[in-house]
Amino acid sequence: MLLAVAEQVLNGLMLGSIYVFVALGMMLIYGVMHVLNFAHGALFMLGGYCAHLVFTQAIGNYALAILAAIVMLIAVGAVIERTVFAPLRDNLRNQVIASLGLVLFIENLVVVLWGPNALQFRIETTQAVVSLGVLRFRVQHLLIIGVCALCVTALFLFLQRTRFGTAIRAVAQNPRAALVVGIDVVRVHRVTFAISMALAAIGGALLGPLFLLFPQMGDLPLVKGLAGILLGGMGSIGGAVVGGLLIGVIEAVSTLVIATDYRDAVTFTAIVLVLLLRPQGLFGVRTREEA
Amino acid sequence: MTKIVRRAALSVLAVGAALAGFTPIAAAQDRVTIGVLTALSGPLAAPGRFQMNGINLAVEDANAQGGVEIGGRRYQVEIKVYDTRGNPAEGASAMQRLTTVDRVPVVIGELSSGVAAAVAPIAADNEVPFILTVPTGPNLTKANNRWLFRVNAHNDQLSQALADFISRQGWQPLAYIAWNNDAGRGGVQSMSRLLPQGWRIGYTGFFNVGEVDFSAHVTNIRNAGARAVMLFMDEEPGSLAIAQIKAAGLDVQLIGTLAMGSDRFLRRLDAQRLNGMVQYNAFPPNAAVPRIQGFSQRYRAKFNEEAHGFAAQSYDGLMVALAALRAAGSATDARRVREALTRIDHEGVTGRLRFDAEGQASPPVYVTQWCADGRRRILYPADVVADCGAG
């Protein structure tokens with residue numbers, strides 16, 4: 001049983017890392033632009049497809065394919081930010097509706113470009129199996145966890161230690177005051193969107209080879225990532241990381257005692273319980289409602 | 001002068017427009033339209049493509065032979081396709097439209113048992129026959145709906161052959177991984193009912209459509225000490241489940257559905273991982289049966305891939321609809337088409353198709369097994385048993 005728990009904790013950490021990629025990306029956009037971008041799951045999926053395209057059609061090197069996917073998604077994100085979100089900047093409700101519309105648009109665009117069948121993203125090196133005692137994991141599992149840890153650390157350092165990171169935090173706190181002290185708020189929006197796109201691209205490109213690429217592959221990570229944000233506390237980067245990982249581990253370990261089809265019920269019951277005790281989430285800061 | 005020229009030009013345009021307007025109406029008299037429900041987008045878009053390939057091939061074959069003769073007149077066959085996206089509400093709305101706005105004499109298709117269950121009562125309310133070609137939920141044809149017919153075998157029929165085989169092999173404890181929907185849950189219920197009493201089931205795990213991580217199931221199957229795993233799902237999750245079972249080093253006999261007995265499936269994995277796996281099959285594309293070989297060749301020529309069971313069943317669905325229209329002698333009277341369907345006896349590419357009192361056909365079901373070299377053999381039924389390369 002201990003072995004099974006160990007296996008599931010590692011599986012949970014892997015899936016949780018994927019949720020972290022989605023949660024962080026959504027969290028950044030929410031923090032700065034105050035919009036829940038529901039298209040983030042679809043963009044995550046697009047990241048996987050872009051990496052696959054570059055890997056199979058051009059380079060054949062996984063690391064470079066991920067980098068190319070990041071660049072491609074940043075470009076897509078720039079177009080979306082300028083054509084969809086920027087014109088609707090003063091209307092939060094319409095931005096949310098537009099992001100829902102984007103989901104339909106992107107998913108069906110992928111069906112048109114790549115067809116409805118799931119694509120295999122085979123990378124021989126990361127398909128190799130690592131044995132930990134009797135348990136066996138693919139290299140891809142460990143790669144996902146490792147890259148996630150790296151990205152989280154880099155993002156944390158960027159936000160805490162750099163001038164631009166400070167500017168992002170300032171805009172997140174109070175856009176008007178940030179503007180008054182000379183921060184280019186529009187630029188902050190654009191860079192934040194780009195970082196969020198890069199995280200989506202990395203997440204999609206990492207998950208693709210483990211499973212399959214298909215138009216709906218971002219739907220589940222989106223919901224779980226969002227749940228991770230709620231669990232960790234809206235507005236807290238550390239909260240999004242811990243929340244995402246916790247959800248991955250809770251849902252993986254719970255399947256050892258409760259039927260797998262109740263997995264989501266277990267996860268969301270845990271979230272409800274946490275929110276009942278700490279409405280601001282695990283790491284959220286309680287703030288007074290602004291007038 | 002200019003005015004006259006303009007008037008003349010306008011008159012020519014008007015006559016042209018009138019002619020253009022008349023032509024389709026004249027042509028429409030020679031066309032019979034069959035309604036099609038399928039999933040062209042959403043999570044079932046991939047099997048939907050096979051379904052549409054079969055239907056399109058049937059339309060092409062019928063029209064290549066000069067169309068269908070109904071009541072002494074020849075009609076070109078047309079289809080009106082609606083995308084249900086695998087969603088019962090969209091399916092219901094599409095069926096409503098087909099039967100009340102498009103007023104087709106018969107509707108065929110659909111993939112999901114859940115959508116079919118929502119849609120079938122609408123066909124009955126509007127008195128239009130509905131021929132299922134893929135959904136396998138056994139209850140669909142047991143709902144006392146006189147307007148519903150099914151050309152493909154349902155879960156109980158499919159599982160029977162496999163249950164006999166599993167019990168002969170003594171594969172217990174048996175584990176299941178199944179879709180958390182009518183097809184998956186229905187499959188598990190059927191198999192458990194058809195296996196000998198007291199057959200040990202080590203683990204039953206369900207997953208939602210779209211889920212791709214089977215690690216929890218793999219751990220539980222290892223814990224349960226299962227000897228064999230039955231996978232009730234289609235190609236995509238099937239390939240993922242097998243890849244994850246093998247990667248985790250689980251030594252179990254794999255048992256699959258008809259989606260897992262094709263070259264396409266082999267390309268998703270490899271012969272080494274599939275070696276020894278058995279699956280039921282409604283259409284082994286390489287079987288030495290003339291009707292199967294004929295369809296397989298035509299399908300490959302048109303779509304450049306191995307024929308799929310869903311395509312063969314859907315091809316038969318459309319051909320059965322045409323046979324019923326022919327027998328009914330009417331391209332519009334849905335009531336007569338239904339009467340004709342109850343008496344139909346059609347030699348399809350999947351086998352001989354006749355409907356019982358519940359509207360259910362009983363096409364042959366096969367059990368095939370993967371060989372070490374990536375070919376397949378047929379293990380069941382006894383009269384077509386053949387070695388590697390025939391399945």
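In this predicted model, 25 residues of chain B are in contact with 24 residues of chain A. Four elements of chain B each supply at least two residues of the side that touches chain A: α2 (45–64), β8 (201–207), α7 (215–224) and α8 (235–247). α7(B) gives the most, with six residues. By class, this side of chain B has 10 nonpolar, 10 polar and five charged residues.

β8(B) is one of the strands in an open sheet of seven. The order runs β8-β7-β9-β10-β11-β14-β15, and the pairing is mixed. Strands of a sheet pair through backbone hydrogen bonds, either parallel or antiparallel. Which strands stand at the edges? They are β8(B) and β15(B), the latter spanning 376–380. Each has a single partner strand, so one side of each is left without a neighbour in the sheet. From one strand to the next, the twist averages 20°.

β10(B) and β11(B) run parallel and are joined by two bridges. Here B:Ile255 stands opposite B:Val278 of β11(B). The next pair is β11(B) with β14(B), antiparallel over four bridges. In this pair B:Tyr280 stands opposite B:Val367 of β14(B). β14(B), residues 366–370, then pairs with β15(B), again in the antiparallel sense and over four bridges. The bridge partner of B:Val367 in β15(B) is B:Tyr380.

Look next at the side chains of β11(B), residues 278–281. B:Val278 and B:Tyr280 point one way from the strand. B:Gln279 and B:Asn281 point the other way. Are these four residues buried or exposed? All are buried.

α6(B), residues 182–194, lies across β7 (174–179), β8 and β9 (228–232) of chain B. α6(B) runs at about 155° to β7(B). α8(B) also packs on the sheet, touching β7, β9 and β10 (253–256) of chain B. The direction of α8(B) makes about 155° with that of β9(B). α8(B) is also among the elements that supply residues to the side touching chain A.

Two packed helices are described by the angle between their axes and the distance between the axes. The crossing is right-handed. α1(A) brings A:Val22, A:Gly25 and A:Met26 to the contact. α2(A) meets them with A:His40, A:Gly41 and A:Phe44. The residues divide into three nonpolar, three polar and no charged.

The second pair is α11(A), residues 237–254, and α12(A), residues 263–277. Their axes come within 9 Å and cross at roughly 135°. That makes α11(A) oblique to α12(A). This crossing is right-handed. Which residues make the contact? From α11(A) come A:Ile247, A:Ile250, A:Glu251 and A:Ser254. From α12(A) come A:Arg263, A:Val266, A:Thr267 and A:Ala270. By class, the contact has four nonpolar, two polar and two charged residues.

Technical notes: Residues numbered from 1 in each chain as written. Chains lettered and ligands numbered in written order. Predicted model: local features only at pLDDT ≥ 70, side-chain atom pairs only at ≥ 80, totals over all residues. Contact = placed C-beta atoms within 7 Å. Nonpolar A, V, L, I, M, F, W, Y, C, P; charged D, E, K, R; others polar. Pairing = 2+ DSSP bridges. Axes fitted to C-alpha atoms, helices over the stretch in contact; angles between N-to-C directions. Buried ≥ 20, exposed ≤ 12 C-beta atoms within 10 Å, placed from the backbone. Left-handed = near helix turned anticlockwise from the far one by under 90°. Parallel < 35°, antiparallel > 145°, perpendicular 65-115°, else oblique.
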